[in-house]
Amino acid sequence: MKLKKYLTFTRAGIIEALQFRLSTVVMVIGNLLYLIVTYFLWKAIFASVNNEPIGGMTFYDTLIYLVLATALNGFMEMYTVWEMGRSIQSGKIVLDLLRPMEYRKYLFWSYSGGFVVQFLTTFLPTFIVVTAVTQGAVPLGLNLVWFMISVVMAVSINYSIDFLVGTVCLYTESIWGINIMKQVVILLLSGATVPLAFFPEPLKTVVQYLPFQSIYNAPLTLLLNKNPEPLAILTTLGTQLLWVIVMLLLGKLFWRVSLRQITVNGG
Amino acid sequence: MKRGLGFYLRIYARILVQDIKSKMSYRADFIISTLGMICTNIAGFVSFWIVFQNFPSVDGWSYYEMLFLYGFSLVSLTPVQCLFDNNWSLRMYVYSGDFIKYCFRPINLFFYYQSEVFDIKGLGQLAFGIGTLVYAWAKLGLPVTALMIVKMIVFLITASLIMIALQNAAAATCFWIQNSFYVLDFVFRFKDYAKYPITIFSPVFRFIFTFLMPIAFIAYYPSLVILHPDEVPLLSWLSPVVGLVFFFLSYKIWMYGAMKYSGTGS
Amino acid sequence: MSNVIELKNVIKEFKVLNRHEGLKGSIKDLFSRDYKTVRAVDGISMTIEQGEIVGYLGPNGAGKSTTIKMMTGVLEPTSGGITVGGVVPCRSRTKLAQEIGVVFGQRSQLWWALPLIESFRLLKDIYQIPDAEYDEMLRFYQSLVDIEPLLHKPVRQMSLGQRTLSDILAAFLHNPKIVFLDEPTIGLDVSMKAKIRTLIHALNQEKHTTVILTTHDMGDVDALCRRIVIIDKGKMLYDNDIEHLKGFFGSYRTLKIRPEEALSQAAEAIAKELPDFRVSADEEWISILVDEEKQKVLDVLGQLQHTHVIRDMQLEEISTEEVIKKIYEEGVQ
């Protein structure tokens, strides 16, 4: 009888302690699971072509690319659409608009803290582990600089798209639907799920002219390219810069027009 | 007063009709959500197709065989999406204490809770999955007999129980731990891994995905019954039993948690 | 008359972890075995007859909702016996559910997206209410309140008052033996409160339904209950007629005055002048509770006239509100 009493305490103690750490453990296991499945899947896929490189990418290239894309995805996701959608629906947006700061800037900077943390806790460790494990598959030189510049621009483009899509929430209540559409389109057309190198010809050309490839494909190509031509680097960064400006302007314009319409209609 | 299966089916049908009616009144949201679901499925299919543009097969599985598996997983994942979507809100009800309001009806608590939400957009996935299955079936030249179709339906339904069970159990963790969203999200990601043949994994992970996290029972084992009728492993035949047992266990866990919780929460 | 609820020496204990504050504290909590047992309900006994309306009162955290949960079968008592409607609640919860109705003032149990009439139809199916009884009930409802405009309105579009009204109607729909109402008038305006009270009264009269009412609003008690049960810290303080309770305080009078000055300032000043009395103020009056065994009302009035210009005055029996307050503070001798 006494023992049972103590065991109850032990059990409760275990549950209490677990609550504290479970979230981290579960998240780590979840990511590991993803890595394991990705590893075996692509291993099997490349085995079917006797491990020949396809579209210039070997099995290891593909794996590194996909792992880093996932890590990038982990910190690029800012839940902007949700944030905007919820504050529009709850009416909190009115308070946000009264702030002495442009709404898109306010939203960005209020999230930027989490951003830095995510970069340091997910991307950086993943990058270090991948670099160490693959020993030399990731070149360590000037490309790191290009990569950082490219990531900054990718973040900007991604945020602009998020903001643009979030603005749509002024017109509809369907946050879930809007967000999921944005998410799958970006992940597919940016080369985050399947590297662009594998895309069949006409599709590849189309994707090159869209802004999405500047989010994942551009920085990752710059990072993993072992002997880049200066012209290629310049073209990639130049294209990104162009998209940064275009998307920024589009986002601002759409927001301003939508807001005016909403205030006029008194919605 | 007896409340049997017929009673529950009638109640469910009633709630369903009403729920769909009220969802239709938000027409824009309904259309956009359905489009979103369709987009998700198309994107999934396109990435699948792109990979096979470059590679002829995966571990001896041809394009159409893989497609069959893919379609099978989509269909068997539909019930969890359509019928048990309220599991995602459970955490919030428990946290706010509103869960107690489900405890005062003279009908089964689990049923009453789950019946409240029918996620209609899952039907888009069902249509997409069935289309894929039929297409792959035809391309593979599989025979179309009554027996095959019955087998197919039985195995699809029992396979769907696995994911339902996993999700129930994951959702029920909120009765014991706070902020259990990550547990549910963790399990939810299993669905993405269901569409690969388990033979691509090393023996250790084959064991894990069969016995510890039964992902392979969502599509791989049950679909073998149709796909390779000549060499069906024992585990495939067992998959309906596994589905039923898991579902029953998850139901018990859920109910146990609910009873335990409703006592303490204010 | 038959007893529909019986509680015999009911005790309910909870185990709670002693939490510590701050980061250090939360780390300490990880290894802590510092549990304590809290007695939420401590030896409550009562019997309630069919058709009674009982006001179940007590300050926050007194153990009211724990008792209600035990009576509805959601919670199992640590010890003691409960029978409700002839069954042991926690053992036959679904069976009991057919015999009771429950309303929480703040939490609607209706289907959020559905028009009220559809919720009613679903409840009709769930409780297996025969057509004739259902129609008769709806007609009866219509005779009490104008429900027609509510019937086709989705619950989520209703005001709090309409929602509470709907929830109460839904709870009575299957003609239960007992209805538990938890703060049914909380957050409502005066006219809605009156409407809800009339409704509850009419339903109780017509259907002879037993009503257990927990509330902090003494207006509810005055309007509905003859009997009240008061508990605090899990223990029963009082269980009898409300008039009987007032009898304990028979020598008390409430002196109400209206002075020349602003009410709130005057109230403060008076509270200082009469430190042994309870002084409170509303929009119209300053109320002073006087125990005539100790000091005559006229003396108090005389004393006040020296310091304040009094324009109007009233003398009243002690109000239920005052009685309950005194009981929470001092208990029953």
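Into which domains is chain C divided? Chain C splits into domain 1 (3-246) and domain 2 (251-317); such bounds come from an automatic or database domain assignment.

This is a predicted model: local features need pLDDT of at least 70, side-chain atom pairs count only at pLDDT 80 or more, and totals for chains, interfaces and linings use all residues. Residues are numbered from 1 along each chain as its sequence is written, while chains are lettered from A and ligands numbered from 1 in the order in which they are written.

**View 1. Chain C and its two domains.**
The C-alpha centres of domain 1 of chain C and domain 2 of chain C are 38 Å apart. Along its principal axes, the C-alpha trace of chain C spans about 70 × 60 × 45 Å. Chain C has 13 helices and 13 strands. Helices (H or I, at least four residues) and strands (E, at least two) are DSSP runs, numbered from the N terminus. Of the 333 residues of chain C, 37% count as buried. A residue is buried if 20 or more other C-beta atoms lie within 10 Å of its own, exposed if 12 or fewer, and partly exposed in between; the C-beta atoms are placed from the backbone. Take the contacts in chain C with a separation of 6 or more: 73% of them come from residues 24 or more positions apart. Two residues are in contact if their C-beta atoms, placed from the backbone, lie within 7 Å.

**View 2. Helix α2 of chain C, mostly covered.**
Helix α2 covers residues 64-72 of chain C. How many of its residues are buried? The count is 8 of its 9 residues. Among them are Lys64(C), Lys69(C), Met70(C) and Met71(C). Ser65(C), Thr66(C), Thr67(C) and Thr72(C) are also buried. Gly73(C) follows α2(C), and its phi is positive, near 90°.

**View 3. Helix α11 of chain C and its buried face.**
Helix α11 covers residues 263-273 of chain C, and Ala266(C), Ala267(C) and Ile270(C) are buried in it. Seen down the axis of α11(C), its buried residues fall within an arc of 100°, so they line one face of the helix. The arc is that of the directions from the helix axis to the C-beta atoms. On the other side of α11(C), Ser264(C), Gln265(C) and Lys272(C) are exposed. What covers the buried residues? The cover of α11(C) includes β10 (252-259), β11 (278-281), β12 (286-291) and α12 (297-307) of chain C.

**View 4. Lys233 in a loop of chain C.**
Find Lys233(C) in the loop between β8 (227-232) and β9 (235-241) of chain C. Lys233(C) is not a glycine, yet its phi is positive, about 50°. Lys233(C) counts as partly exposed, with 14 C-beta neighbours inside 10 Å.

**View 5. Chain B and its helix α3.**
Chain B holds 13 helices and 2 strands. Its C-alpha trace spans about 60 × 45 × 40 Å along the principal axes of chain B. A compact globule of 266 residues would have a radius of gyration near 18 Å; chain B has 20 Å, which agrees. That radius is taken over C-alpha atoms, and the globule rule is 2.2 Å times the number of residues to the power 0.38. Buried residues make up 41% of the 266 residues in chain B.

Now look at helix α3 (residues 63-76) of chain B. α3(B) has 14 residues and reaches 20 Å from its first C-alpha to its last, close to the 20 Å expected at 1.5 Å a residue. The expected span is 1.5 Å times one less than the number of residues in the helix. Is α3(B) enclosed or open? In α3(B), 11 of the 14 residues are buried, so the helix is largely enclosed by the rest of the structure. The buried residues include Met66(B), Phe68(B), Tyr70(B) and Phe72(B).

**View 6. Asp185 in helix α9 of chain B.**
Asp185(B) sits in helix α9 (residues 181-188) of chain B. Asp185(B) is partly exposed, with 14 other C-beta atoms within 10 Å. Asp185(B) and Phe72(B) are 113 residues apart in sequence and 22 Å apart in space, C-alpha to C-alpha.

**View 7. Where chain A touches chain B.**
Here 34 residues of chain A are in contact with 33 residues of chain B. On the side of chain A that touches chain B, α1 (2-47) and α7 (175-189) of chain A are the elements that give two or more residues. α1(A) gives the most, with 14 residues.
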